[in-house]
Amino acid sequence: DVEDEEITGEVSKNLDLSTLYMLQVVSKAIDISLAKELKNLLFGSSLCCFNEEWKIQSFTFNNMPQLKYGIVQKKGGPCGVLAAVQACVLQRLIFADSSRNKDTRCLQPSEVHRTKCLTMAIADILWRAGGNEKAIVALPSGRQQFTPVGKYKADGILETLILHSATRYEDLIVFLQQNIHQFEIGPCGCILLTVSVILSRSINLVRNDFDVLTNRLIGSHGYCTQELVNLLLTGKAVSNVFNNVIELDSGNGNITVLKGITSRSDIGLLSLFEHYDVCQVGCYLKTPKYPIWLVCSESHFSVLFCLEKDLLGDWKTERRFDLYYYDGLANQEEEIRLTVDTTQMCAEDKENDLIPPLEHCIRTKWQGAVIDWNGTEPIL
């Protein structure tokens, strides 16, 4: 049994054994009121549940030799969470050490190394959501912690959770190292991360991040909303992808506040919606600290990345460079490498259906660039 505020002091198996590390993690069981609030925030109702696509999804890696860095998505739905975690894994995999010249060997990690990068990526996401002061890791206990009554529909996952709070980054890392199999092998690692990132930020702050209090984090058909993707990437569940805040005069002295991204993000975002003039992605997401972007196209999220850290800081590098593309849902069997040439101009035709959506997304940042698929069949 877990006491309400029990302090667990454990000896870590994976640290240097010469240091007996006392882990300071406070653990308590979930209760029905918190579970209801979580469901309202996620689905808009405490009578909704995670669908099968979410329940079977963890952060399991690809076994194709060229794609060992990639996380595999089993079915549609939670792609926003998977792509965000994939991007943070790549940040750790490619840019964790400071050596300037990268080659594709960093994309063929050992199983131990890629699991370590997953651990660090999850720690980064949760710690950022907790304002760099705290994080909460939600893990299943295997049995119900409360009796579902009233307006609450049980899903077999939320009711079993124990919430583990860390207020030191080192404690968070050690605790995640000990429990990373719950996220990597699962079965419901994707749900655990989603609940953990919400609680790390706190339910009140997440709701205050929204433009509209009745927004939710999971939309129709089990898709991630932009709010959930922004929470994972930036630590705040804001509703928009432009920079900062826009205030609109809605008449009668009423001001409508639309909240965007407040500072330069580690990981970026490119959107097909921008190509169609539906939204505008601000430079905080379009020019992130690392050359890694989520690609939002046709309500699906995938990842685009470059091995050259200088890409976003040196215009000479931006003349001609390679971008790698990974889509965990596409049963991809080989590396997809695109060469982007900004010294030439292609005539962009907005109505042409034969231009791959991915090219449209890339050209929202590098306008008119010529894109070579290097022999791979373009994805239409």
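Guide: Helices H3 and H8 are roughly parallel to each other, a term for angles under 35 degrees, where over 145 is roughly antiparallel, 65 to 115 roughly perpendicular and the rest oblique. H3 covers residues 79-95 and H8 residues 226-234; they pack at an angle of about 15 degrees, with axes 9 Å apart. On the H3 side the contact is made by Gly80, Val81 and Ala84, and on the H8 side by Leu228, Val229, Leu232 and Leu233; contact means heavy atoms within 4.5 Å. The crossing of H3 past H8 is right-handed, that is, the near helix is turned clockwise from the far one by less than a right angle, anticlockwise being left-handed. Axes are lines fitted to C-alpha atoms, for helices over the stretch in contact, and angles between N-to-C directions run from 0 to 180 degrees. Helices (H or I, at least four residues) and strands (E, at least two) are DSSP runs, numbered from the N terminus.

This is a predicted model, in which local features need pLDDT of at least 70 and side-chain atom pairs count only at pLDDT 80 or more, while totals for chains, interfaces and linings use all residues. Residues are numbered from 1 along each chain as its sequence is written, and side-chain values use heavy atoms, with hydrogens and water left out.

Leu34, Leu38, Leu41 and Leu42 of H1 meet Thr194, Val195, Ile198 and Leu199 of H6.

Strand E9 (residues 300-305) contains His300. His300 is buried, at 16% relative accessible area; buried means under 20%, exposed over 50% and partly exposed in between, with a 1.4 Å probe and protein chains only. Beyond neighbours within four places in sequence, His300 touches Gln73, Cys79, Val295, Asp327 and Leu329.

Now the rings. Those of Phe, Tyr and Trp (its six-membered ring) pair if their centres lie within 6.5 Å, with planes under 30 degrees apart stacked, over 60 edge-to-face and the rest tilted. The count is 10 aromatic pairs. Phe50 and Trp54 make a tilted one, 5.8 Å centre to centre with 40 degrees between the planes; both residues are buried. Tyr69, Phe305, Tyr324 and Tyr326 form one aromatic cluster.

Lys309 lies over the face of Tyr290, 4.7 Å from the ring centre; the rule asks for NZ of Lys or CZ of Arg within 6 Å of the ring centre and within 35 degrees of the ring normal. Lys365 lies over the face of Trp366, at 5.2 Å from the ring centre.
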